[in-house]
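Please view the sequence and the structure together.

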Amino acid sequence: MFRGAVQLSLDAKGRLSVPAKHRDALTAGGQGELVLTAHPHRCLILYPQAAWEPIETKLTSLSSFNPQISGIQRMIVGQADVMHLDSAGRLLVNAVLRKFAHLDKDVMMVGQGSHFELWDVAAWDAQLEKLMSTDQLQIPQELEGFSL
């Protein structure tokens, strides 16, 4: 279970140092393979290989004749990059994915249970501000009756 948010920095080569407390959990059960891909919200998502496989299977089983589905398949499956952490625990974020998510230097790594989201810090701050700027937070029907 991946939780929490941490601000990290990309180095000049596009590498991101994954916090030590998450390295073993990310690489367990999949020969150390990770999958990094695009998300429609203009962030990146990082999955352990084992958690990614059912998502990829579901997406690729859908009809590519539907333009919306094929667009999502192209974005998520088409840009998926299988990778390993290097010996220093760093993840190389390829240039295409960095460009997609507007990642330059400062990156937020945000736990989402089964995976992490990687956000440009300014985009992350804008997401939070947008969520909190409504007069009354709109609660989706699925969360009605839910309490913290």
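Predicted model: local features only at pLDDT ≥ 70, side-chain atom pairs only at ≥ 80, totals over all residues.

**Helix packing, a capped helix and a domain record**

Helix α2, formed by residues 49-61, and helix α3, formed by residues 67-76, have axes that come within 10 Å and cross at roughly 150°. The crossing of α2 and α3 is left-handed. On the α2 side, the contact is made by Trp52, Leu59 and Thr60, and α3 contributes Ile72, Gln73 and Ile76. Of the residues in this contact of α2 with α3, four are nonpolar and two are polar, with no charged residue.

Attention now turns to helix α5, which comprises the 13 residues 121-133. The N-terminal end of α5 is capped by Asp120, a side-chain oxygen of which lies 3.1 Å from the backbone nitrogen of Ala122.

An unreviewed UniProt entry lists residues 5-51 and 80-123 under "domain: SpoVT-AbrB". Over residues 80-123, the chain is 39% strand and 20% helix. The end C-alpha atoms of residues 80-123 are 21 Å apart.

Conventions: Residues numbered from 1 in each chain as written. Heavy atoms only, no water. Axes fitted to C-alpha atoms, helices over the stretch in contact; angles between N-to-C directions. Helix = DSSP H or I, 4+ residues; strand = E, 2+ residues; numbered from the N terminus. Left-handed = near helix turned anticlockwise from the far one by under 90°. Contact = heavy atoms within 4.5 Å. Nonpolar A, V, L, I, M, F, W, Y, C, P; charged D, E, K, R; others polar. Expected span 1.5 Å × (residues − 1). Polar contact = N/O pair within 3.5 Å; in protein donor to acceptor, adjacent residues only side chain to side chain. UniProt positions renumbered as here; feature names shortened; annotations may be inferred.
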